[in-house]
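Trainee: I would like to go through this protein one step at a time. Where should we begin?

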Amino acid sequence: MRDTNRLTRRAFLASAGAAAASSVLGSGRAAALPDSPPGHPGPILTRAIPSSGETLPLVGLGSWITFNVGDDAAGRDSCAEVMRAFFREGG
């Protein structure tokens with residue numbers, strides 16, 4: 001019977017190569033971003049919708065379960081504050 005939890009040389013080398021590549025590529029990407037004021041990560045990254053050309057943020061706020069608070073007034077107030085902060089910061 002084969003031990004599937006054993007680390008093979010192939011798996012180790014593949015992981016080490018991926019880690020090395022990500023450290024090199026990751027630092028180059030971070031260096032390419034413009035300087036931003038503290039607390040602001042820089043420009044919002046977007047992608048165009050192929051059919052319309054409209055651009056949308058790569059990361060959205062999300063709504064599934066996050067804002068599902070029902071009749072809970074405190075929950076609604078909290079969600080409203082999240083939305084205010086989102087729009088205040090350019091979302």
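The questions below go from the overall fold to single residues.

Trainee: In what order do the elements of the protein run from the N terminus on?

Mentor: Keep in mind that this is a predicted model. The protein has 2 helices and 2 strands. Read from the N terminus on, the order of the elements is α-β-β-α.

Trainee: What share of the residues in the protein is buried?

Mentor: A residue counts as buried when its relative accessible area is under 20%. The protein has 91 residues, and the buried share of them is 2%.

Trainee: How far apart are the end C-alpha atoms of helix α2, and what span should the helix have?

Mentor: Helix α2 covers residues 73-88, which is 16 residues. The expected span is 1.5 Å times one less than the number of residues, so α2 should span 22 Å. The distance between its end C-alpha atoms agrees with this, at 22 Å.

Trainee: Which backbone nitrogen does a side-chain oxygen of D72 reach at the start of α2?

Mentor: A polar contact needs a pair of N or O atoms within 3.5 Å. Here the oxygen of D72 comes to within 3.3 Å of the nitrogen, and that nitrogen belongs to A74.

Trainee: Which residue just after α2 takes a positive phi?

Mentor: Look just past the end of the helix, where phi is about 100°. The residue with this positive phi is G90.

Trainee: Is V82 buried or exposed, or in between?

Mentor: V82 is part of helix α2. V82 and F67 are 15 residues apart in sequence, and their C-alpha atoms are 9.7 Å apart in space. The relative accessible area of V82 is 36%, which lies between the cut-offs of 20% and 50%, so V82 is partly exposed.

Trainee: What kind of aromatic pair do F86 and F87 form?

Mentor: A pair of aromatic rings is described by the distance of the centres and the angle of the planes. The count of aromatic pairs is 1. In the pair of F86 and F87, the centres are 5.4 Å apart and the planes are at 65°. An angle over 60 degrees is the cut-off for this class, so the pair is edge-to-face.

Trainee: Which residues make the nonpolar surface patch of about 340 Å²?

Mentor: One of them, F12, is found in helix α1, residues 9-32. F12 has 49% relative accessibility and so counts as partly exposed. The patch is made by L7, F12 and L13.

Conventions
Residues numbered from 1 in each chain as written. Predicted model: local features only at pLDDT ≥ 70, side-chain atom pairs only at ≥ 80, totals over all residues. Heavy atoms only, no water. Helix = DSSP H or I, 4+ residues; strand = E, 2+ residues; numbered from the N terminus. Polar contact = N/O pair within 3.5 Å; in protein donor to acceptor, adjacent residues only side chain to side chain. Buried < 20%, exposed > 50% of the residue type's maximum accessible area, 1.4 Å probe, protein only. Phe/Tyr/Trp six-rings, centres within 6.5 Å; stacked < 30°, edge-to-face > 60°. Patch = residues over 30% accessible without salt bridge, like charges linked within 9 Å, V, L, I, M, F, W, Y side chains within 5 Å. Areas by Shrake-Rupley, 256 points an atom, 1.4 Å probe, with all protein chains shown as cover. Salt bridge = Lys/Arg side-chain N within 4 Å of Asp/Glu carboxyl O.
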